[in-house]
Amino acid sequence: MSTPSGQGQPEGRAPAGVLVLRTLAMPRDTNRWGDIFGGRILSQMDVAAGLMAGEVAQGRSATVTVDGVVFHRPVSVGDTVCAYAELLRVGRTSLDIRIEIWARDLVHLWEPEHDFVAEAVFRYVAIDAEGRPRPIPDNPEFFTR
């Protein structure tokens, strides 16, 4: 990591939600200073939220908004980037998912602690084959109305 172990993590804080995506930060994703582009991290957050949205909505869903994006620490090449998803709200056709990104170096020097890197809340809408909003069915694994 580009910061000392644990510096990006509030003491005793663990990732919220379930691990839905893990990827490796690669050189092609860096800016001129060697940090991973924020847009690349945001893209991975959207993929992670989309995975959970599809499971919760039991089908196709689309990103509607992204709120409260905060990047806490840079991510370096070789860091393992972990996306945790937490279902915050389920409406009739939409749902809100909080994504937290945590990272640690598993390539150069294994670190037992993750650093809290980024967070945002994604709103998705369940859509039908024509792209129109559709009701989200009960999904006992995640929620029951």
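Trainee: In what order do the elements of the chain run from the N terminus on?

Mentor: Helices (DSSP runs of H or I, at least four residues) and strands (runs of E, at least two) are numbered from the N terminus. The secondary structure of this chain comes to one helix and five strands. From the N terminus on, the elements run β-α-β-β-β-β.

Trainee: What is the mean pLDDT of the chain?

Mentor: This is a predicted model, in which local features need pLDDT of at least 70 and side-chain atom pairs count only at pLDDT 80 or more, while totals for chains, interfaces and linings use all residues. Residues are numbered from 1 along each chain as its sequence is written, and side-chain values use heavy atoms, with hydrogens and water left out. The predictor's confidence in each residue, from 0 to 100, is called pLDDT, and 88% of the residues reach 70 or more. The mean for the chain is 90.

Trainee: How many residues of strand 4 are buried?

Mentor: Buried means under 20% relative accessible area, exposed over 50% and partly exposed in between, with a 1.4 Å probe and protein chains only. Both faces of strand 4 are covered, with Ser94 and Trp102 among the buried residues on one side and Leu95 and Ile99 among those on the other. The count of buried residues in strand 4 is twelve of twelve.

Trainee: How many bridges join strand 3 to strand 4?

Mentor: Two strands pair if DSSP finds at least two bridges between them. Strand 3 and strand 4 run antiparallel, and a hairpin of three residues joins them. Leucine 87 has isoleucine 97 in strand 4 as its bridge partner. The number of bridges between strand 3 and strand 4 is eleven.

Trainee: Which residue of strand 4 stands opposite valine 81?

Mentor: Valine 81 lies in strand 3, which strand 1 (residues 18-24) joins through six antiparallel bridges. In strand 4, the residue opposite valine 81 is alanine 103.

Trainee: Why does valine 81 count as buried?

Mentor: Beyond four places in sequence, valine 81 touches Leu21, Arg22, Thr23, Ala25, Ile41, Val75, Ile101, Trp102 and Ala103. Valine 81 counts as buried because its relative accessibility is 6%.

Trainee: Which residue of strand 5 stands opposite alanine 103?

Mentor: Strand 4 and strand 5 pair in the antiparallel sense over ten bridges. The residue of strand 5 opposite alanine 103 is aspartate 115.

How values were computed. Contact = heavy atoms within 4.5 Å.
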